[in-house]
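Subject: Structure handover and findings

Dear colleague,

I am passing the structure on to you with this message, and below it you will find my notes on what turned up when I went through it. Please read them alongside the model.

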Amino acid sequence: MKNTINDVIKILEAWSNPAYQESYDNAGLIVGNANQELLGGLICLDLTPKVFQEAIDNNANLIISHHPLIFNPIKKLNGKNNAEKIIMEAIKHDICIYAMHTNLDNIFSGVNHAFASALQLQHIEILSLKEQQLKKLITFAPTRYADIIRQALFEVGGGNIGNYNSCSFNQTGFGTFKAEVNAQPFVGQIGELHHEEEMKIEIVFPAFLQSTMIQTLQKVHPYEEVAFDIINLANTNPYIGAGMIGTLQESMDLEQFILFLKQQLSLPVVKCSNCPSKKIKKIAICGGSGSFLIPTAISKHADIFISAEFKHNHFIDTQNQLILVDIGHYESEIATKKLIFAKLIENFSNFAISVLEENPVKYF
């Protein structure tokens with residue numbers, strides 16, 4: 001059976017749903033018809049003319065880019081810049097363009113996990129948790145239908161908490177209702193007060209699945225009118241958020257750690273705070289531009305924060321609080337391509353996938 005591009009997108013979005021992206025972002029399918037047959041794929045950090053030509057040369061009709069080709073609205077397509085030219089050529093060649101950006105940054109198994117693994121960090125956790133990501137569905141069903149309803153809700157993504165699935169709370173009781181003249185009751189008689197032994201079912205789910213959860217409940221529930229509540233939870237999801245923090249197995253001197261960092265990530269050069277040498281144990285990281293997480297890294301008592309695109313004042317303002325290390329935007333996200341490749345090859349071993357290396361910055 002031949003795979004479509006949409007088959008790939010379903011796998012990617014089950015792993016890193018676009019709902020986890022930041023409000024300014026543009027993750028997801030940007031250009032193309034996802035229902036076409038998948039011929040080949042190409043993975044990159046930035047979609048440049050060189051990358052696009054590589055896709056054409058290799059007969060790849062799916063490009064997966066970490067950074068979206070389109071960030072701001074495009075009002076005209078005249079080929080006046082690289083983005084417009086690539087969009088026009090992508091449409092002409094039936095090439096789909098898909099972006100996985102801050103949604104891949106914000107999941108536990110995403111960009112920052114790969115970053116942390118490269119540094120051999122232990123006891124890792126999300127640095128800044130993303131709020132309002134969890135909701136709870138509460139419904140009431142005839143006891144004999146409870147298992148069917150629970151299983152259906154589990155299958156669409158409800159009840160997953162960390163390393164556990166099929167999580168729910170259940171309590172027996174009885175419900176009352178009286179069917180009116182135009183009703184078609186599943187149990188009970190028109191005009192008579194009915195008592196039914198019911199199960200109260202409570203299931204936590206990711207907020208973006210709300211419509212799917214409701215549709216599934218209404219599809220499998222036997223009642224004509226399904227009673228349910230949706231509650232917004234103040235609980236944070238420990239697996240969704242920005243950056244990551246962890247510890248080294250053994251403390252290192254600053255100079256020793258910088259050498260280790262450069263070796264592990266193949267870095268030609270880094271920018272580091274000008275501060276007295278100290279022991280490094282607790283490390284905060286963020287792939288891409290992470291200056292917004294400096295206050296959080298300080299509050300979590302990190303010894304050092306590694307990210308990219310720090311400004312001059314950041315190094316000044318954090319003296320005596322936190323060592324900052326700027327390794328470059330591309331360098332902090334380079335593991336992203338291999339991360340996406342591993343997910344695809346795990347699920348689609350029967351088509352060609354290319355990972356293109358191209359750093360837009362050169363060091364002299």
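Directly after helix α5 comes Gln120, whose phi is positive, near 60°; helices here are DSSP runs of H or I with at least four residues and strands are runs of E with at least two, numbered from the N terminus. Within α5, Val111, Asn112, Ala114, Phe115 and Ala116 are buried, where buried means under 20% relative accessible area, exposed over 50% and partly exposed in between, with a 1.4 Å probe and protein chains only.

Before going further, please note that this is a predicted model, in which local features need pLDDT of at least 70 and side-chain atom pairs count only at pLDDT 80 or more, while totals for chains, interfaces and linings use all residues. Residues are numbered from 1 along each chain as its sequence is written, and side-chain values use heavy atoms, with hydrogens and water left out.

As for the overall picture, the protein has 12 helices and 15 strands, and its C-alpha atoms fill a box of roughly 85 × 55 × 40 Å, taken along the principal axes. Of its 364 residues, 48% are buried. Among contacts (heavy atoms within 4.5 Å) between residues at least 6 apart in sequence, 72% join residues at least 24 apart.

The six-stranded sheet

Six strands form an open sheet with mixed pairing, in the order β5-β10-β12-β13-β14-β11, two strands being counted as paired if DSSP finds at least two bridges between them. The edges are taken by β5 (122–129) and β11 (271–272), each of which has a single partner strand, so one side of each is left without a neighbour in the sheet. Strand β13 (residues 304–308) and strand β14 (residues 323–326) run parallel and are joined by four bridges; in this pair, Phe305 stands opposite Leu324 of β14. Helix α8 (residues 254–265) packs on this sheet, where it touches β10, β11, β12, β13 and β14, and its direction makes about 120° with that of β10; axes are lines fitted to C-alpha atoms, for helices over the stretch in contact, and angles run from 0 to 180 degrees between N-to-C directions. Helix α5 (residues 111–118), with which these notes began, lies across β5, β10 (241–253), β12 (279–289) and β13, running at about 145° to β12.

The four-stranded sheet

A further open sheet is made of four strands in the order β7-β8-β6-β9, with antiparallel pairing. Its edge strands are β7 (169–178) and β9 (228–232), each pairing on one side only, and neighbouring strands are turned by 25° against each other on average, direction ignored. Five bridges join strand β6 (residues 134–142) to β9, the two running antiparallel, and Lys136 stands opposite Ile231 in β9.

Two helices lie across strands of this sheet: α6 (residues 146–155) across β6, β7 and β8 (193–206), at about 20° to β8, and α7 (residues 210–220) across β6, β8 and β9, at about 165° to β9. These helices also pack on each other, at an angle of about 150° and with their axes 9 Å apart. That makes α6 roughly antiparallel to α7, given that angles under 35 degrees count as roughly parallel, over 145 as roughly antiparallel, 65 to 115 as roughly perpendicular and the rest as oblique. Their contact is made by Ile149, Ala152 and Leu153 of α6 together with Met213, Thr216, Leu217 and Val220 of α7.

The α1 and α12 pair

Helix α1 (residues 5–15) packs against helix α12 (residues 335–347) at an angle of about 125°, with the axes 11 Å apart, which makes α1 oblique to α12. On the α1 side the residues are Val8, Ile11, Leu12 and Trp15, and they meet Leu339, Ile340, Lys343, Leu344 and Asn347 in α12.

A single residue

Finally, Glu89 has its place in helix α3 (residues 82–92), and at 28% relative accessibility Glu89 counts as partly exposed. Between Glu89 and Gln53 there are 9.7 Å in space, C-alpha to C-alpha, although the two are 36 residues apart in sequence.
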